[in-house]
Amino acid sequence: MKSLHCTFNPIGMAPEVSLTLPSSKSEWIRLLLLRAMSGEALAPLSGNAPTDVQVVHRALTSGLAGRIDVQDAGTAMRFLTAYAARFATSPVLLQGTERMHARPIGPLVEALRSLGADLSYEGAEGFPPLSVRPAAMRGGKIRIDAGMSSQFVSALLLIAPTLPDGLHIELTSREVSAPYTEMTCRLLTTCGIDLRREESTIVVRPGTLAPPDNLSATADWSSASYIYNMVSAGAIKGKVRLDGLVLPPDSMQADSRAAELFGRLGVLTIPTERGIALCYRHERQAEDFGSANMRDCPDLVPALTVCCLLKGVPFRLTGIGHLRLKESDRLEAICTEAGRLGYAVHADGDALYWDGERHKAEENPVIRVYKDHRLAMAFAAAAMTTTSGIVLEDASVVGKSFPDFLGATELLGLKWEEV
């Protein structure tokens with residue numbers, strides 16, 4: 001897709017707007033793998049599924065053999081590495097984009113090798129692409145560094161019940177995105193697996209997975225964060241309904257914390273029979289966001305950062321050094337692109353912060369998105385605070401997690417045109 005010019009015109013917006021969010025790809029991908037391991041035939045994908053879900057579904061329904069291109073889907077690369085190591089009956093090559101080949105996978109590979117997997121690097125040591133050959137895996141006790149990605153732990157947990165000896169995992173460092181590990185544990189338990197967790201230890205006994213027939217992925221809180229961002233940045237009047245979202249503590253998604261965090265920026269979250277409704281209240285907005293540890297919900301950082309900047313609210317977000325290893329170096333990218341808009345944002349160690357410092361913004365800025373869906377959706381809200389709008393480079397990347405993002409935001413007053 002070419003670059004898109006985005007402008008904002010709230011005039012004519014209905015008093016109440018209802019938006020359809022995609023299902024959580026984190027839940028969806030886990031359920032696909034659990035269904036496949038339980039012996040259930042996977043139904044064709046319906047609707048406009050996120051790209052990451054399509055990648056995993058295609059791999060699971062095409063025989064799990066030969067060359068598998070995961071594109072830029074980190075979840076797919078980590079989960080399919082473990083799945084192929086356990087179930088492939090012929091050699092598999094897992095590869096992706098150039099950026100994917102720069103994202104570490106060493107801790108997961110070493111853990112799988114210790115369980116009997118036959119894996120080898122086809123490029124740099126510790127990084128994809130990976131060759132996977134059939135091998136007998138036994139299970140047992142392993143230690144793994146969970147400080148880089150919780151997906152390493154979840155990938156191991158998903159295959160754990162199928163190993164003859166089950167799996168005893170000892171985490172050697174504090175987890176990042178720990179609620180995603182908890183999501184995997186909850187789903188395994190729901191599928192009838194005997195699983196116990198105590199602090200840094202997770203024990204999974206071998207067992208037969210019951211098909212998760214009664215489970216479906218709920219609406220995606222990560223996607224909801226971009227709507228929260230726009231409701232606040234545009235001071236949108238009226239209500240914006242988001243059906244299908246499950247509020248804490250019932251939600252398995254760490255990003256459900258968006259309700260609390262964007263509450264500091266004036267967005268009121270109202271429970272409804274079918275989900276939630278959002279409305280903006282200026283008097284509820286803080287003058288200083290303060291500090292928040294985002295270690296468990298790092299995907300909220302782009303939208304939350306952009307919202308604070310557009311509202312002129314200083315902030316400090318911590319526990320997010322691992323965002324340098326995502327689809328882009330998100331900390332560097334946020335600082336650079338915020339600079340085009342006139343905000344002097346700083347990244348230091350595992351923190352991102354803005355103390356209110358401004359400088360002259362670029363005229364007619366073109367926001368680079370670095371092939372990163374979360375940056376594209378977060379910075380789109382900047383169109384709401386300028387009369388000339390902004391240009392987003394390659395907005396097609398939103399399909400990775402929110403395929404109908406452009407259509408949804410048009411209902412909020414955004415207008416998109418190719419340039």
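F315 stands opposite W354 in β17, and three bridges join strand β15 (residues 315–318) to strand β17 (residues 351–354), the two running antiparallel. Strands count as paired if DSSP finds at least two bridges between them; helices (H or I, at least four residues) and strands (E, at least two) are DSSP runs numbered from the N terminus. The model is a predicted one, in which local features need pLDDT of at least 70 and side-chain atom pairs count only at pLDDT 80 or more, while totals for chains, interfaces and linings use all residues. Residues are numbered from 1 along each chain as its sequence is written, and side-chain values use heavy atoms, with hydrogens and water left out.

**Overall form**

- The protein has twelve helices and 20 strands.
- For 419 residues, a compact globule would have a radius of gyration near 22 Å, and the 21 Å of the protein agrees with this. The radius is taken over C-alpha atoms, and the globule rule is 2.2 Å times the number of residues to the power 0.38.
- The C-alpha trace spans about 60 × 45 × 40 Å along the principal axes of the protein.

**The sheet containing β15 and β17**

- β15 and β17 belong to an open sheet of four strands, ordered β14-β15-β17-β16, with mixed pairing.
- The edges are held by β14 (290–293) and β16 (346–348); each has a single partner strand, so one side of each is left without a neighbour in the sheet.
- From one strand to the next, the twist averages 15°.
- Helix α9 (residues 301–311) lies across β15 and β17 and runs at about 170° to β15. Angles run from 0 to 180 degrees between N-to-C directions, and axes are lines fitted to C-alpha atoms, for helices over the stretch in contact.

**Helix packing**

- Two packed helices are described by the angle between their axes and the distance between the axes.
- Helix α7 (residues 221–233) packs with α9 at an angle of about 5°, their axes being 9 Å apart. α7 and α9 are therefore roughly parallel to each other. Angles under 35 degrees count as roughly parallel, over 145 as roughly antiparallel, 65 to 115 as roughly perpendicular and the rest as oblique.
- In this packing, S225, Y226, N229, S232 and A233 of α7 meet A303, V306, C307, L310 and K311 of α9, where contact means heavy atoms within 4.5 Å.
- By class, the α7 contact with α9 has six nonpolar, three polar and one charged residues. Ala, Val, Leu, Ile, Met, Phe, Trp, Tyr, Cys and Pro count as nonpolar, Asp, Glu, Lys and Arg as charged, and the others, Gly among them, as polar.
- Helix α1 (residues 25–37) and helix α6 (residues 178–190) pack at about 40°, with their axes 11 Å apart, and are therefore oblique to each other.
- The α1 side of this contact consists of S26, E27, R30, L31 and L34, and the α6 side of Y180, M183, T184, L187 and L188. By class, the contact of α1 with α6 has six nonpolar, two polar and two charged residues.

**Other strand pairings**

- A further open sheet has four strands in the order β18-β19-β1-β20, again with mixed pairing. β18 (366–367) and β20 (414–418) stand at its edges with a single partner strand each, so one side of each is left without a neighbour in the sheet.
- Within that sheet, strand β1 (residues 4–8) pairs with strand β19 (residues 390–392) in the antiparallel sense over three bridges, and L4 stands opposite L392 in β19.
- Strand β10 (residues 201–204) pairs in the antiparallel sense with strand β8 (residues 167–171) over four bridges; here L167 stands opposite V204.
- β10 also pairs with strand β9 (residues 195–198), in the antiparallel sense over four bridges, and L195 stands opposite V204.
- β9 and β10 form a hairpin with two residues between them, and E199 in the turn has a positive phi of about 50°.

**Backbone features in loops**

- Most residues other than glycine have a negative phi, and most peptide bonds are trans.
- The peptide bond from P128 to P129 is cis, with omega near 5°; P129 is found in the loop between β5 (118–121) and β6 (130–133).
- The bond from P248 to P249 is cis, with omega near 5°, and P249 is placed in the loop between β11 (239–243) and α8 (258–261).
- Q71, although not a glycine, has a positive phi of about 60°; Q71 is found in the loop between β3 (66–69) and α3 (74–87).
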